[in-house]
Amino acid sequence: MSSVQQRILDMIRCFRKEWRLYSDSERTTVCSIDSMLVALQLSVAEVNKKNHGDFNASLSEVVLSWNYFLLDKLAILHKNMEAPENYVDIKIAYDNFLRCCNMLDLIDIYKKWRAVSLENESISSVSTYILGIHLCNSFSSFSYLQSPITSNIGREIFLKTSKNKMLYAYLSLLANSKNDLAFAYILNIPDRGLGREAFTDLKHAARKRQMSIFQMATSFIRTIELGGKGYAPSSDDPLRTHVKGLSQFIHFMDKLEEIIGEIPDPRLAGGRILSTIKMHLIKGRNSKDPFCQAAEEVVKDLDLRIKNIKNFQHEAMAANSTGISPARPKVHSINHGTAYCGRDTVKSLLALLDEAAASPPPNSKAQLLFGEEFGFPSTILLFRSPVQSSGASPKALRQRIEIAAREREPKLKQPLIRSQFACTYKDDPDNSIKESAL
């Protein structure tokens, strides 16, 4: 782990230590640099849909918005730097998206951490400066080159990265049920017959009821299974066509939740969760398949990380121990034996996700935005409804900039030229008056 990455991780740990000051939910997840970029892309597309009728965002639009967005959030904008088109609306859409997903990006945590660091002499101002430079330079160039996977080494790296991202997405959704990005990644992994139409129907229903997409799917399945005739969804509900796939997904997540509640030791619970996800992903495959071998290696690595995280937490608690026994539960707290059941496991999962959020992003930024990287669906394509609105498609960014520049140019009024033949200008109102007078 590089020094910059370690300092970012220390910053996130400081946030976790004082999370009550910054967030209403203990399960708030940290938005990594990659997720920040995807969220900004979706925000640009949302604004384009509002103004032009098509949910789409070109690479040039995302690059311009990202470069200005980073400098703006870090408060290091140049005086003469011009904001991209509709930047205010894009920023509002970005903030709303993260708020609905119960996420905070690295810059928001950086600002909060910096406010705390002013009172902590052990944290130098050099660390904050390095973090700002790291964030600005992370996406200085948007390469579309993909990692070669033709060689054996390249294929192994590809499979490990794919398994890593799948497992992290499952763990992120398990820790934060409002994370729509994690839900989008794993909705149909492995194949459950839930494609773009299923995600669109869920997204529209969730927006109508003002809840996250995963919570909407859970509510729908619970209503189908437990609700009576008076509470059952209507027969024309579009989600009814996806009952089988959604039921499989919700039941699997329920199984993971049961592991958290039944096994109090985070080390054992984390290992069981990872193993269950692995078996779910490789079901029906040969054990000698490279895909299965990569999954086995990734699970072992993550399991070891969870154990190390728990050991680190125990050491930190021992170092801060004052020798005073903890307070006993209140007499009136009913079911206090299970009130914190699984809380330690969730904290360990959040610490694991924080380490992933502090890791540097890959080089293929354009592939992350528009391609199906590591077998995951394209996010911009998944969030775009299969049937687009009938409005006009957004014009190319260059064309919109040229039109806006022409509109801002001062227009000079041409003086009216008159001659002895003025009576021949029929469109001149003065001449028409003179002719009528004659």
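1. Helices here are DSSP runs of at least four residues, numbered from the N terminus. On that basis Leu181 belongs to helix H9. The model is predicted, and the points below should be read with that in mind.

2. Overall make-up. The protein has 19 helices and two strands. Of its 438 residues, 43% are buried. Taking contacts between residues at least 6 apart in sequence, 72% join residues at least 24 apart.

3. Surroundings of Leu181. This residue of H9 has a relative accessibility of 3%, and because buried means under 20%, Leu181 counts as buried. Leaving aside residues up to four places away in sequence, Leu181 touches Ser35, Val38, Leu42, Phe97, Thr379 and Phe383. Its C-alpha is also 8.4 Å from that of Ala39, although Leu181 and Ala39 are 142 residues apart in sequence.

4. Aromatic pairs. There are ten of these in the structure. In one of them, the ring centres of Phe183 and Phe249 are 5.5 Å apart and the planes stand at 85 degrees, so the pair is edge-to-face. The two partners come from distant parts of the chain: Phe183 is in helix H9 (residues 180–186) and Phe249 is in helix H12 (residues 243–262), a separation of 66 residues. Phe183 is buried, at a relative accessible area of 0%, and Phe249 is likewise buried, at 0%.

5. The aromatic cluster. Which residues do ring pairs link into a cluster? They are Phe97, Phe183, Phe199, Phe214, Phe249 and Phe383. Phe97 and Phe383 are also among the residues that Leu181 touches, and the edge-to-face pair of Phe183 and Phe249 has both of its members in the cluster.

6. Lysines over rings. Lys165 lies over the face of Tyr185, at 4.6 Å from the ring centre. A second case is Lys203, which lies over the face of Phe55 at 5.6 Å from the ring centre.

7. Packing of H13 with H15. Two packed helices are described by the angle between their axes and the distance between the axes. For helix H13 (residues 266–281) and helix H15 (residues 343–358), the angle is about 65 degrees and the axes are 9 Å apart. The crossing of H13 past H15 is right-handed. On the H13 side the contact is made by Pro266, Ala269 and Ile273, and on the H15 side by Asp344, Thr345, Ser348 and Leu349. By type, the residues of this contact are four nonpolar, two polar and one charged.

8. Packing of H1 with H15. Helix H1 (residues 3–17) also packs with H15, at an angle of about 145 degrees and with the axes 9 Å apart. H1 passes H15 in a right-handed crossing. From H1 come Gln5, Ile8, Leu9, Ile12, Arg13 and Arg16, which meet Leu350, Asp354, Glu355, Ala357 and Ala358 of H15. The residues of this contact divide into six nonpolar, one polar and four charged.

9. The cis peptide bond. Most residues other than glycine have a negative phi, and most peptide bonds are trans. The bond that joins Ile189 and Pro190 is cis, with omega about 0 degrees. Pro190 sits in the loop between H9 and helix H10 (196–209).

10. Positive phi at Asn86. This residue is not a glycine, yet its phi is positive, at about 60 degrees. Asn86 is in the loop between helix H4 (59–73) and helix H5 (87–100). With a relative accessible area of 26%, Asn86 is partly exposed.

11. Positive phi at Asn102. Phi of Asn102 is near 55 degrees, again a positive value in a residue other than glycine. Asn102 lies in the loop between H5 and strand S2 (103–105). Is Asn102 buried or exposed? At 13% relative accessibility, Asn102 counts as buried.

12. Arg99. This residue lies in helix H5. Arg99 is exposed, with a relative accessible area of 55%. The C-alpha atoms of Arg99 and Lys178 are 9.4 Å apart in space, while the two residues are 79 apart in sequence.

Methods: Residues numbered from 1 in each chain as written. Predicted model: local features only at pLDDT ≥ 70, side-chain atom pairs only at ≥ 80, totals over all residues. Heavy atoms only, no water. Axes fitted to C-alpha atoms, helices over the stretch in contact; angles between N-to-C directions. Left-handed = near helix turned anticlockwise from the far one by under 90°. Contact = heavy atoms within 4.5 Å. Nonpolar A, V, L, I, M, F, W, Y, C, P; charged D, E, K, R; others polar. Phe/Tyr/Trp six-rings, centres within 6.5 Å; stacked < 30°, edge-to-face > 60°. Buried < 20%, exposed > 50% of the residue type's maximum accessible area, 1.4 Å probe, protein only. Lys NZ or Arg CZ within 6 Å of the ring centre and 35° of its normal.
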